[in-house]
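Let's take a walk through this model together, one feature at a time. Have your viewer ready and follow along.

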Amino acid sequence: MNRQVVKALVGGWLLAAGLAYAQDVVRIGTLSDYPPFEYKDASGQLKGMEIELGNAMCKHMQAKCEYVTMDFDALIPALKAKKIDAVLAQMSITDERKKVVDFTDLFTLAPVQYVAKVGSGINEDPATLRGKIVGVYSGSNSETYFKKRLPKAKSGIATKSYPNQDAIWLDLEAGRLNTTLTDTTVAYEWLQKTGKAKGFDFAGKPVNDVEIFGEGTGIAVRKGDALKARFNAAIKKVLTDGTFAAENKKVFPFSIAPASK
């Protein structure tokens, strides 16, 4: 084989390898306003527990990952429209969502609970919410819960939807809301930094409605996408090699890892 042929073959192989690598870009849809999981620091850089875990999983998959931030209720439409390839945004695995997307194995546990002023009398019993205003994240399971289980006409409970959780906290502090129903993990972050000092805390017990809230969160991909298997392998890796535990410990004094099987 002459030198020119060898050079051509090697060049072709390198080009093919380069193209294969270039094509292996995973566009991950996520949030920028959901600390401690996703948020932007003072320099505008995307940070958070899920971002760090996402980076570790992408490294395991040998993929180049690009994060695309948007509102929560835009994530599944963007996934279906192929504007992104996966959703990593504390998205609960529910039967309703499984009709339109595939989910990976369980990634985190995320019970939901009310947050309100201490002494408000609000708890998980809907009767304590009659005549009150509840702030909910637009597109979230909490919004679905009130629409399906506690519509205002029957329950006497008013809800107000917001494009992000930060806006809910601000209105709760200002007294424009009586309470919010949200993930305990996100509420814990706010309570420790701001809420408890201003007289807020968890109100009642977590709301138990698996049909609405699911068993936990996962990574969403398009129906039938092979990315599901790759992410499952990556999830298993970070859960077993200590990566998940290390990131978890940075933000919570309790574990949000799913129970090992």
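With a relative accessibility of 4%, Q90 counts as buried, because the cut-off for buried is under 20%. Keep in mind as you look that this is a predicted model. Q90 sits in strand β6, which covers residues 86-92. Its backbone deserves a look too: phi of Q90 is near 50°, a positive value in a residue other than glycine. Most residues other than glycine have a negative phi, and most peptide bonds are trans.

Q62 belongs to the loop between α2 (49-61) and β5 (64-69). Is Q62 buried or exposed? At 66% relative accessibility, Q62 counts as exposed, because the cut-off for that is over 50%.

The peptide bond from P35 to P36 is cis, with omega near 10°. You will find P36 in the loop that links β2 (33-34) and β3 (38-40).

Now turn to a sheet. Five strands form an open sheet with mixed pairing, in the order β10-β9-β11-β8-β12. The edges are taken by β10 (158-162) and β12 (200-203), each with a single partner strand, so one side of each has no neighbour in the sheet. On average, neighbouring strands here are turned by 35° against each other, direction ignored. Strand β9 (residues 133-137) runs parallel to β10, and five bridges join the two. Within that pairing, Y137 has Y162 of β10 as its bridge partner.

Helices pack on this sheet as well. Helix α5 (residues 141-149) touches β8 (112-117), β9, β10 and β11 (179-183), and its direction makes about 135° with that of β9. Helix α8 (residues 184-195) touches β8, β11 and β12, with its direction at about 155° to that of β12.

Finally, consider helix α10, residues 227-240. Its 14 residues should span 20 Å at 1.5 Å a residue, and the end C-alpha atoms are 20 Å apart, which agrees. Which residues of α10 are buried? They are L227, F231, N232, A234, I235 and V238. An α-helix has 3.6 residues a turn, so residues three or four places apart point the same way. The cover over the buried residues of α10 includes β1 (25-30), α2, β6, β13 (217-221) and α11 (243-251). Just after α10, G242 takes a positive phi of about 95°.

Methods:
Residues numbered from 1 in each chain as written. Predicted model: local features only at pLDDT ≥ 70, side-chain atom pairs only at ≥ 80, totals over all residues. Heavy atoms only, no water. Helix = DSSP H or I, 4+ residues; strand = E, 2+ residues; numbered from the N terminus. Buried < 20%, exposed > 50% of the residue type's maximum accessible area, 1.4 Å probe, protein only. Expected span 1.5 Å × (residues − 1). Contact = heavy atoms within 4.5 Å. Pairing = 2+ DSSP bridges. Axes fitted to C-alpha atoms, helices over the stretch in contact; angles between N-to-C directions.
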